[in-house]
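My notes follow as numbered points, starting with the ligand.

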Amino acid sequence: MSFRTTSAIDYVEDVSPGSGALPPRARYASSDARSLSLNGSWRFRLSPTADAEDDSFAAQGFDAGGWAEVSVPGHWVLQGHGSPIYTNHLYPFPVDPPRVPTKNPTGDHLHTFDLPSDWPSDGGAVLRFDGVESCARVWLNGTDIGEFKGSRLPHEFAVGHLLKPGGNVLAVRVHQWSAGSYLEDQDQWWLPGIFRDVTLLHRPAGGVLDFFVHASYDHVEGLGTLRVDSDVDGRVTVPGLDIDVATGESVTVPVRPWTAETPRLYDGVLATEGERVPLRVGFRTVVLEDGLIKVNGTPLLFKGVNRHEWHPERGRALDLETMREDVLLMKRHNINAVRTSHYPPHPAFLDLCDEYGLWVVDECDLETHGFTEQAWRDNPVDDDRWTPALLDRAARMVERDKNHPSVVIWSLGNEAGTGRGLTAMAEWIRGRDGSRLIHYEGDIDCRDTDVYSRMYADHAEVDRIGRGLDGGTHRRRGLPFILCEYGHAMGNGPGGIADYQHLFESYDRIQGGFIWEWIDHGIKDERFGFAYGGDFGEELHDGNFVCDGLLFPDRTPSPGLVEYKKVIEPVRIVGDRADGTVRVTNAYDFADLSALTFEWSYQVDGETVESGVLPVPELAPGESADVKLPDPPADPRGGETQWTVRATLAADTAWGPRDHLVAWAQFPLSPRPLTVVARSDGPVLGKGQITLGPAAFDARTGALRSIGGIDVRGLRLDVWRAPTDNDNGAAWQPDLRYGPLWRELGLHRMQHRLNSVELGDDALTVRTRVAPAAREVALRTVYRWTSDGTRLRLTVSVAPEGDWRLPLPRLGIRLGLAGSVDGARWFGGGPGEAYPDTTSASMVGRWESTIDALQTPYVRPQENGARADVRWVEIGGLRVEGEPEFWFTARRWTSEQLDAAEHPTDLKAGDTVWVNLDHGQQGIGSQSCGPGALPQYQLRPAPAEFTFLFSEIHG
Ligand code: IPT
């Protein structure tokens, strides 16, 4: 006979949200009531199962002197106890809801604290947990005060009656797995612990309980209406607006509205008999009108990102400075919106969004994605037993965050399929807060939601949706559209976002999107630099899919973020060569251009020869003006000329310094004059070698050996690139995925067969056939060398043969220079990398860099670092000019070594700097979770001819 006892740990597998906690209420950053942070070093003991230890540790007088210590807030797996697990959507335990594994790492936490000597003796006290993953049971001074789930949501407990002046013992038992884990299957590391603040709040008699600030804006009259509903009566004052009213009373006054572009907040106070709470009131009205999301009467265009909370050492335990850094980086990169994927963030983040100005889609802590593996059978969101837990989560989010003007949309969660529980959440939210809209991507018919939202839809589909040709239910057809996720920023990329932006700006119905995602969740690790899935020996994992952000784990902007900044710039500048004017368009939704200064500059061969102020009127949103450029300065050199126009901050702002670049554009004037090289010299056969002008070649193979005093190794046609994450594509993508197909075809092991070395009167011609073993496809390649005595000219002609079905990774030549080479200068696109569908931010000019700084340190090594539209480059004493412009890459390892590496620590500098001079590159796309490169960015095999002119730089 077998039986299972009812035990003290049944709450762990109980679908209910918990017991003992106070009802959820509004969060406020401060008040005149006392509070005590209980953050710091806590005693810690890890057990392998939920019931390995009894609860005697919670009793007063327990001696935890032998226990380890951990920092709170923190995750124990990042502090030397156990290790993190990364899965995208797979539950790392058997799916048997609500049961969880017996092996359930359980962290007992103990903290002893004294009350400050001036802690008031009257009133009560509340103990607040801002975030604990995934389930906690709490004792204070030996008394069990409750247990809770809902990792990224606050929980408060009334504890006044239990407190003592000194020696209070707070005991918290945290289980890694619980029934709540089934609701928290977000694509991220599983990181148990008390990862947000723990605070003791004094609750004075007559203190504030819950309150709801209603602050709307009438954009026709320019009036704001304020009403603060409060559980405890009191007065509301806003000195800047001469407001002094009772709670519950409305007052209407002229105000300046809050928008993400003009985040006007009015300081106020809610005063009840026992407490004064500072308010920051932002007046704005969110409506769905004419099928559009409007704020203060104006439709929004979201230029957004999905933000997970991440710090490479502290995981999701973020400090205020890191949160502020995120907001400042967003503002400085022209981002105007955040989806808090996929849970409410630390509350301080929303304070920052109010203050600096970002539209927020606040998303509930809910994802049940792993149920997709069983066709969504037993999905908790469609099982009434779980509905109380879902409603609890919705309420904890809405009640906590309802007073933030930045929050304009509530999101029910992510990737949870469909079900009655979601409908119940939406109904509850609508009843509680009718002043915001509701989002949930999984609601394809928009039964519960106010916006049609999709993820990773390709350009063609977004175009159809923009035209209203997507079908869908009657309700959906009348709703606005957003891409809640697009532009998967994994590794090199995302590509094609300028093409998306073009669609967003072409159709009113499309109100923008949110790039997936803000930051790579790499974990700082001595072995690898940054670790990703699998690096901790996980049984199931999803590799580097966890590193798909616009920021590297250490918050260095990736080229993807620089590209996005340019693509979404809030001023459009278009030049007209014919009449010497530029058309400047204000692409803000609310702000005029008075915060910006415009400057023109004029470049000859990439060097600025003159610049000046461009007088641009303070255009209202959507307005354009044609502004005359000065007459071009005289150019005695007869070089390539262009205009550059920049818009910069005219003065320091809260988020960026004066001169910070906001928007820019370049337009060519006179094209690059081509260099004429006389063919004065002819090839001369000597002992084992051929000489031609400054160059020497191997007589047998025709391989270039040197140019003047510079040794050149291994110059030959090259098509391979270390596949990017987007080349490889996601396993579930049905489309062609070129990374694996290239490898299958053998493009990483091309053989070069020599057909002939021909010495002509004025040219050395080397004919080859480049092809992979076992295949009939080939690239017939002819190298034709000529010289005028000092310069060496190479024309490469490539003719594909056979049945080519795939684009090429790249098409160009590679060559090796001495490893002592330490930098390059070039005239062309820069300063950062670019690929065919990521060129927006590539600015034509003169640039220089060390070889090391030319590398983009993707967390999983892959193709990177190409500079676009290069006219010439100087490297290692060589000058190379290209006709036409070319892509330039230089690294201390080969593409094959780059391809083999799993972490940057696998890459070791050799004795050669490998240089790629490319005629073509395959586009990037975002097939690691979305569409591949658009056809116009694909490098289809076709006859090609390109020329390089080499010369030795003297002096
Ligand atoms: C989508 C998820 O919503 C997001 O959390 C993340 O996993 C992203 O993909 C990929 O990085 S779900 C997608 C597999 C359709």
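1. Which side chain has an N or O atom 2.7 Å from an oxygen atom of the ligand? In this predicted model, that side chain belongs to Glu-485. The protein covers 90% of the 390 Å² of accessible area that the ligand has on its own.

2. Now the shell as a whole. There are 15 residues around the ligand, and those that come nearest are Asp-187, His-342, Asn-414, Glu-485 and His-488. By class, the shell splits into six nonpolar, five polar and four charged residues.

3. Next, please take a look at Ser-453, which belongs to strand β31, spanning residues 452-455. Is Ser-453 buried or exposed? Ser-453 counts as buried because its relative accessibility is 2%, under the 20% cut-off. Its side chain makes a polar contact of 2.7 Å with the side chain of His-439. Beyond neighbours within four places in sequence, Ser-453 is in contact with His-439, Glu-441, Ile-482 and Cys-484.

4. Finally, the overall layout. The domain assignment divides the protein chain into domain 1 (10-203), domain 2 (211-285), domain 3 (287-322 + 330-520), domain 4 (569-670) and domain 5 (688-952). Between the C-alpha centres of domain 2 and domain 4 the distance is 40 Å.

Definitions and conventions
Residues are numbered from 1 along each chain as its sequence is written. This is a predicted model: local features need pLDDT of at least 70, side-chain atom pairs count only at pLDDT 80 or more; totals for chains, interfaces and linings use all residues. Side-chain values use heavy atoms; hydrogens and water are left out. Domain bounds come from an automatic or database domain assignment. A residue is near a molecule or strand if one of its heavy atoms lies within 4 Å of it. A polar contact is a pair of N or O atoms within 3.5 Å; within protein, one must be able to donate a hydrogen and the other to accept it, and residues adjacent in sequence count only if both atoms are side-chain atoms. Accessible areas come from the Shrake-Rupley method with a 1.4 Å probe; for residues, only the protein chains shown count as cover. Ala, Val, Leu, Ile, Met, Phe, Trp, Tyr, Cys and Pro count as nonpolar, Asp, Glu, Lys and Arg as charged, and the others, Gly among them, as polar. Helices (H or I, at least four residues) and strands (E, at least two) are DSSP runs, numbered from the N terminus. Buried means under 20% relative accessible area, exposed over 50%, partly exposed in between (1.4 Å probe, protein chains only). Contact means heavy atoms within 4.5 Å.
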